[in-house]
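Hi there,

Here is the structure I promised to pass on, with some notes on what turned up in it. Please have a look at the model first, then read on.

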Amino acid sequence: MSATTIAGLIDQDASSRGIAKKIASYLIDTKQTLKLDSLMRDVMSVREAKGTYEINVATAHPLTTAQTSNISAYIKKHFDNCKDVIIHQKVDPTLLGGVRIESAHYLIDKSVKSELNYIKSSIDK
């Protein structure tokens, strides 16, 4: 099962549960379960090429509706072919504040934790 096939199923609004079962069965049958992360990145890449950006957003606190809308607008503005944005939110208290946005090929890390680590590395030089 290729990333293109999986992306096609997702784009057809196929059942997430059904897709997950097919992927799991395929990976288990072919003894490739360690390739799941790589496969999902490939799926995200195929979907990005078609204009759907699926991003993971980590913040120290839950996002408001306005913040989610702002992130979606930012992604659409900075990626020319972006038509749709799907946001998967994760609350990570270790970030302290700010935001970390990750797609298949990009990482935008504007978290307080990242900024403090940058300052620390600058001081240590």
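Let me begin with a pair of side chains: aspartate 124 and lysine 120 meet in a salt bridge, with 3.3 Å from N to O. A salt bridge here is a side-chain nitrogen of Lys or Arg within 4 Å of a carboxyl oxygen of Asp or Glu. Because aspartate 124 and lysine 120 sit four residues apart in helix α5 (residues 112-124), about one helical turn separates them. Aspartate 124 counts as exposed, at 54% relative accessibility; exposed means over 50% relative accessible area, buried under 20%, and partly exposed in between (1.4 Å probe, protein chains only).

Before the rest, some ground rules. This is a predicted model, in which local features need pLDDT of at least 70 and side-chain atom pairs count only at pLDDT 80 or more, while totals for chains, interfaces and linings use all residues. Residues are numbered from 1 along each chain as its sequence is written, and side-chain values use heavy atoms, with hydrogens and water left out.

On confidence, the protein chain averages a pLDDT (the predictor's confidence in each residue, from 0 to 100) of 83, and 85% of the residues score at least 70. Where pLDDT is low, the predicted coordinates should not be read in detail.

As for the fold, the chain has five helices and four strands, in the order α-α-α-β-α-β-β-β-α from the N terminus. Helices (H or I, at least four residues) and strands (E, at least two) are DSSP runs, numbered from the N terminus. Of the 125 residues, 30% count as buried.

Back to the charged pairs: the structure holds three salt bridges. Glutamate 54 forms one with arginine 47, the closest N and O atoms being 2.7 Å apart, and both of these residues are buried. Aspartate 109 and arginine 100 form another, at 3.1 Å from N to O. Here aspartate 109 is partly exposed at 22% relative accessibility, and arginine 100 is partly exposed too, at 28%.

I used a 1 Å grid over the protein atoms alone: a cavity is a set of points where a 1.4 Å probe fits but cannot get out, a pocket is an open set with protein on both sides within 12 Å along at least five of seven lines, and lining residues have an atom within 4 Å of a point. Grid points are joined across faces, edges and corners, and a volume is the space filled by probe spheres set on the points.

One cavity of 30 Å³ or more was found in the whole structure. The largest cavity has a volume of about 40 Å³, and its lining includes Tyr53, Ile75, Phe79 and Ser103. The second largest pocket holds about 190 Å³. Its lining also includes Ser103, along with Asp37, Asn56 and His105 among others, and helix α3 (residues 36-49) gives the most to that lining, with four residues.

Which residues does serine 103 touch, not counting those up to four places away in sequence? They are Met44, Glu48, Glu54 and Ile55, where contact means heavy atoms within 4.5 Å. Serine 103 is found in the loop between β3 (98-102) and β4 (107-111), and is buried, at 10% relative accessible area.

Best wishes
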